[in-house]
Amino acid sequence: MTTNEGLIEATASPHLLEPPPLTGRAATPLVPGQVPEKAPPDAPQRPPTAVREIEVPQVSPQGSRPASPKQYEALKGLMDNKTLRVFVMTWNMHGKLPEMEVVKSLMPHEDKSEHSHLLAFGTQECERSIGASLVVASKKNWEALLKSAVGKDYSMVGSTTLGAVHLALFAWKPIMAMVKDIYAVEVATGVGNMVNNKGATALTISVGSASFLFVNCHLEAHQTNTERRNENWSRIDSEISTVMSRIRPPAASHVTSQFDHVFWFGDLNYRLNGNRGAIDASLKAGLHEVLRANDQLAAEVKRGSVFKGY
């Protein structure tokens, strides 16, 4: 089982009331890429990707107050420093439900006076195999483990599932009064762009006026399928941009203009070019620059095939 986790500090707007400047983005909105794939005329038509709103969970007034002096200081620091701490984890679970001790080890390890304000947990092959998930998609057991592991200071504000791809988002309870605009989107990229064996789950959230998009994806596997992975990414990026343009004012054409902060993560499945023997030998010899030069994702980003404008 493999995991990847990280802690990102996202700068929010002053007092979380005014949108922050869009730095590091393209000067003009990008036009979402189109997947160069056409279905035969008699193929079943895929229904359009839909976006659904998730009601913001209600937290009791007592539960939304800082429970200790440390929590009060953390909330005061958020308001004074205009900084949100965002924790993102991605994990291909290989169809197995872990023990609680393993789940707890995935939680952010931080000083309790510096709470993460948002926690995003993206999993692939979650709880059961891809095939089994096409029959039973529920991830209630995994969600129950997450809720227990994150503890009583957090509320799960949204979750979404596409086959074996799952995304859950938690918010620190003292900021719940500022939470709004929670939406979920699922995009299939399996056979005919209809089957849920591959694809993405996405959740949006706003804290005050700072807006966030989290995209968890599981792209095409195998060494030689780089172009197919590019197509998967392009379809996901395009579909999410399209549905969000209907609800995000102003009606910008791309997610980099629709949201202040966009996080992509998951099992993207890009590989290192080369056979296993050559790669192992390069690792043993410490030839890290050679390996980085053969990283498929880095090469595709450099070509502009994926993540252009991010």
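Predicted model: local features only at pLDDT ≥ 70, side-chain atom pairs only at ≥ 80, totals over all residues.
Me: Where is Glu125 in the chain?

Reply: Glu125 lies in the loop that runs between strand S4 (118–124) and helix H3 (130–135). Helices (H or I, at least four residues) and strands (E, at least two) are DSSP runs, numbered from the N terminus.

Me: What about the phi of Glu125?

Reply: Phi of Glu125 is near 50°, which is positive, and Glu125 is not a glycine. Most residues other than glycine have a negative phi.

Me: Lys96 is next on my list. Where is Lys96?

Reply: Lys96 is in the loop between strand S3 (83–92) and helix H2 (100–105). Lys96 counts as exposed because its relative accessible area is 54%.

Me: What does Lys96 touch, leaving aside its neighbours within four places in sequence?

Reply: With those neighbours set aside, Lys96 is in contact (heavy atoms within 4.5 Å) with Glu125 and Glu127. Lys96 and Glu125 are 29 residues apart along the chain, and their C-alpha atoms are separated by 8.0 Å.

Me: Glu127 again. Which residue does Glu127 form a salt bridge with?

Reply: Glu127 pairs with Arg128, and the closest N and O atoms are 3.3 Å apart. A salt bridge here is a side-chain nitrogen of Lys or Arg within 4 Å of a carboxyl oxygen of Asp or Glu. Glu127 is buried, with a relative accessible area of 8%.

Me: How many salt bridges does the structure hold?

Reply: The structure holds 10 salt bridges. Among them is the one between Asp153 and Lys152, at 3.8 Å from N to O. Asp153 is partly exposed at 23%, and Lys152 is exposed at 67% relative accessibility.

Me: What about Glu289 and Arg292?

Reply: Their side chains form a salt bridge too, at 2.4 Å from N to O. Both belong to helix H8 (residues 288–293), and because they are three residues apart there, about one helical turn separates them. Glu289 and Arg292 are both exposed.

Me: Switching to helices. How do H5 and H9 cross?

Reply: The axes of helix H5 (residues 226–244) and helix H9 (residues 296–303) come within 11 Å of each other and cross at roughly 60°. Those axes are lines fitted to C-alpha atoms over the stretch in contact, and angles run from 0 to 180 degrees between N-to-C directions. H5 and H9 are therefore oblique to each other; angles under 35 degrees count as roughly parallel, over 145 as roughly antiparallel, 65 to 115 as roughly perpendicular and the rest as oblique.

Me: Which residues of H5 and H9 meet?

Reply: From H5 there are Thr226, Glu227, Arg229 and Asn230, which meet Gln296, Glu300 and Arg303 of H9. The residues of this contact divide into no nonpolar, three polar and four charged. Ala, Val, Leu, Ile, Met, Phe, Trp, Tyr, Cys and Pro count as nonpolar, Asp, Glu, Lys and Arg as charged, and the others, Gly among them, as polar.

Me: Now His166. Buried or exposed?

Reply: His166 is buried, at 0% relative accessibility. It sits in strand S6 (residues 165–172). Leaving aside neighbours within four places in sequence, the contacts of His166 include Phe121, Cys126, Trp142, Glu143, Thr201 and Asn216.

Me: And where is Val262?

Reply: Val262 is in strand S10 (residues 261–267) and is partly exposed at 22%. Leaving aside neighbours within four places in sequence, Val262 is in contact with Leu213, Val255 and Tyr310. The C-alpha atoms of Val262 and Leu213 are 4.8 Å apart, although 49 residues separate the two along the chain.

Me: How many helices and strands are there in the chain?

Reply: The chain has nine helices and 10 strands. Of its 310 residues, 47% are buried. Among contacts between residues at least 6 apart in sequence, 74% join residues at least 24 apart.

Notes. Residues numbered from 1 in each chain as written. Heavy atoms only, no water. Buried < 20%, exposed > 50% of the residue type's maximum accessible area, 1.4 Å probe, protein only.
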